[in-house]
Amino acid sequence: MTATEIRMVDAIREAMRAELAADPSVVLLGEDVSVGGPFGATKGLQDEFGAARIRDTPISEAAVMGLAVGAAAAGLRPIVEIMFMDFATLALDQLVNHAAKLRYMSGGQLSIPLTVRMQAGASGAFGAHHSQSLEAWLAHVPGLKVVAASTPADAYGLLRAAIRDPDPVVVIEHRALYWGRGPVETGEAAIVPLASAVVRRPGIDATIVSWSRMTVTALAAADLLAAEGIQAEVIDLRGLQPMDTATVLASVRRTGRAVVAHEAVGFGGLGAEVAARIGEDAFDALRAPVERVAAPFTPVPAAPDLERAFVPDAAAIAAAVRRTLARPDPRRRSLEEGR
Amino acid sequence: MPSTVPSGALPAPQRLPQLRTMLRIRRFEEALIDLAQAHDVGHFHVYIGQEATGVPALALLEDGDVAYSTHRNHGHLLARGVDPNAMLAEILGRATGTNGGKGGTLHLASPAHGFPTTSASVGGPLPIAVGSAFAFRELGRDRVSVALFGDGALEEGAWHEAANIAALRQLPVVFLCENNSVGAVTQQAGDYPSSTLAVGTLADLARPFGIPAAVIDGSDSDAVHAAMSDALVRARSGDGPSFIEARTVRWPGNQGIWAELVTGRVQVHYGWDAATIPDPHRAWFAEHDPVVRAVREALAAGAGRDAIAAIDADATREMAAAVAFALASPWPDADEAFANLYADPRVNALATGRRAAK
Ligand SMILES: Cc1ncc(C[n+]2csc(CCOP(=O)(O)OP(=O)(O)O)c2C)c(N)n1
Ligand SMILES: [Mg+2]
């Protein structure tokens, strides 16, 4: 099928539409999903698939998540929409203590094919309760899978894979990307495996690892660097749990330098995990310490200026790449010292 | 202990001041909606249509009482005397805002006016309100904590857990539920916007806990005044929590997720000349608008049309000035983003890696 240019929010809807059509056990549960939710991601689905499969729920995140876990245990394949990732907080017992652990605790007797879509990220001055990036919490939980797309095509392909997956998958959607357009192929071939990082832009001088909106920012940083003759390779992680570290390590072995960029706060963020993996498995290839670019360690401020400053920008990522390049090559230095 | 707060209807001389506060809220919200056309204000929720609940209810609070509010907080803060300049500046994210720009519309706060915080997490502030009532009891203070929340909050588990503790300990808390989905509870679940509760009468949710519950018309300021007076007497006398369900018919501009001034601005003469109300929102203004109703009540209490028009002109001017103030206000200093995470500036600097300029 030929690719058409559509917005990410429409790609998300198309993915749900395809799986709803393909599998009658797929159902969608969420607050105001019948009218499309706040951003239109589910608009029209109730007309097409009926109120029995596209269900508005009370504002009861804990009960709805539990409901979905129970429904998944009993044969449905629920998609739950959490209107803002910040309110996943209310549903964590069901998600973390139940959805994530039921297969394991039951000795493999139970399967929880659950997809949880969470709209996330800072943009539009929504303030501290509507802007967080909490992926590190979720990726920390054995039994959960976590993915985040940076393009409409991946939003489509990852969501379809998530819905088909036999385990609970959290799909993080950045609202700042919802209205961005990109080519999207539909159909089976467009499904994206959950743990598959992708090289978005090849380069030889340094590796930038990122996901979600930060991949778009990282590509802009690579443009800035290209103008200075620096060729940065940009990797879009896509899968955060499980994580395709092989693609990251292969790149770092080629470039010798790595920057991890994410919108979540730095402390305890997934950037630390990526940096540690590189340190453990590609230490010999490193010519500079791994740099992290992340949000400051504060809640997301509401003021538009402060919010803009909170989210790492292309200049910050480019500066981090330059820092890795400015380091004297440790191998050269030890050669010189040995002389 | 007995209270001096009277039960029953509002005394006639208080009609005009009450109308004034309601008009100030209305003109504030209208100005904000207009402002959002030209400026990137972001998402916000307006109190239009609910003024007759918040204004008389909060007028009964005393110094030291607290109220916890929601995403729909603007009217509540204005009713307690928070400066509209600082509120609009906060909504625009300016340094002169109530919270220095870091909170925004969803989190306007003014502890000095009895608003420790407002929360955008539906249901989130209910246990917190109960917690403040618990503290008042433990500290031996004759103070009351009020939880202001929408009908949607009753869908959250936090409500049930908070109500249980409040009832168990007979805490001085008033649960004031602003049900702005009138009709919706009898609509089919799934209609929008609606509360999605299995109970027909929301106030019934308080009854299993033994919490006295009243169902009132939230656009009837006398009913609100009476119900809130009773609830406050109960709380201050050590007789525990109360629940009030104040029902209002949703303002047409609040039907969608983003507020729109689909009705146009309210005109005070709608109160004395209903024939001037334009279609298609005639019914809402004539039957459900608390401001138009308050105009009629002020007239009945002896206020003149000129006096009402003058109050309105003042409120309109005040809010235009607030818009100008907010737009002229500076953005917060970049370092402000790093301030106030922890009390100790050294800890703050350690955690954020930045030393806030002060
Ligand atoms: C815990 C939580 N879930 C979802 C939301 C998204 N949300 C914001 S307002 C709202 C509806 C609230 O309805 P209600 O409590 O009746 O208040 P109203 O807006 O009608 O005043 C929802 C679902 C939220 N803010 N918090
Ligand atoms: Mg409501």
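How far does a polar side-chain atom of B:N180 lie from an oxygen atom of ligand 1? I looked this up in the predicted model and found 2.9 Å.

I then checked how much of ligand 1 is covered. Taken alone, ligand 1 exposes 590 Å², and the protein buries 89% of that.

Next I went through other polar contacts of ligand 1. The side chain of A:E61 has an N or O atom 2.5 Å from a nitrogen atom of the ligand.

I listed the shell around ligand 1 and got 19 residues, with A:E61, B:H71, B:R72, B:A120 and B:G152 as the closest. By type, I sorted the shell into 7 nonpolar, 6 polar and 6 charged residues.

My search of the whole structure gave 6 cavities of 30 Å³ or more. I picked the second largest cavity, which holds about 90 Å³ of space. It is lined by 13 residues, and those closest to its centre are A:S133, A:E135, A:H174, A:W211 and A:S212.

Which elements of chain A each supply at least two residues of this lining? I found β7 (169–174), α8 (213–226) and β13 (258–265). I also looked at the domains of chain A: domain 1 (4–190) and domain 2 (198–328) each give at least three residues to the lining of the second largest cavity. I counted 6 nonpolar, 4 polar and 3 charged residues in that lining.

Definitions and conventions:
Residues numbered from 1 in each chain as written. Chains lettered and ligands numbered in written order. Predicted model: local features only at pLDDT ≥ 70, side-chain atom pairs only at ≥ 80, totals over all residues. Heavy atoms only, no water. 1 Å grid on protein atoms, 1.4 Å probe; cavity = no way out; pocket = protein on both sides within 12 Å on 5 of 7 lines; lining within 4 Å. Points joined across faces, edges and corners; volume = space filled by probe spheres on them. Helix = DSSP H or I, 4+ residues; strand = E, 2+ residues; numbered from the N terminus. Nonpolar A, V, L, I, M, F, W, Y, C, P; charged D, E, K, R; others polar. Domains from an automatic or database assignment. Near = heavy atom within 4 Å. Polar contact = N/O pair within 3.5 Å; in protein donor to acceptor, adjacent residues only side chain to side chain. Areas by Shrake-Rupley, 256 points an atom, 1.4 Å probe, with all protein chains shown as cover.
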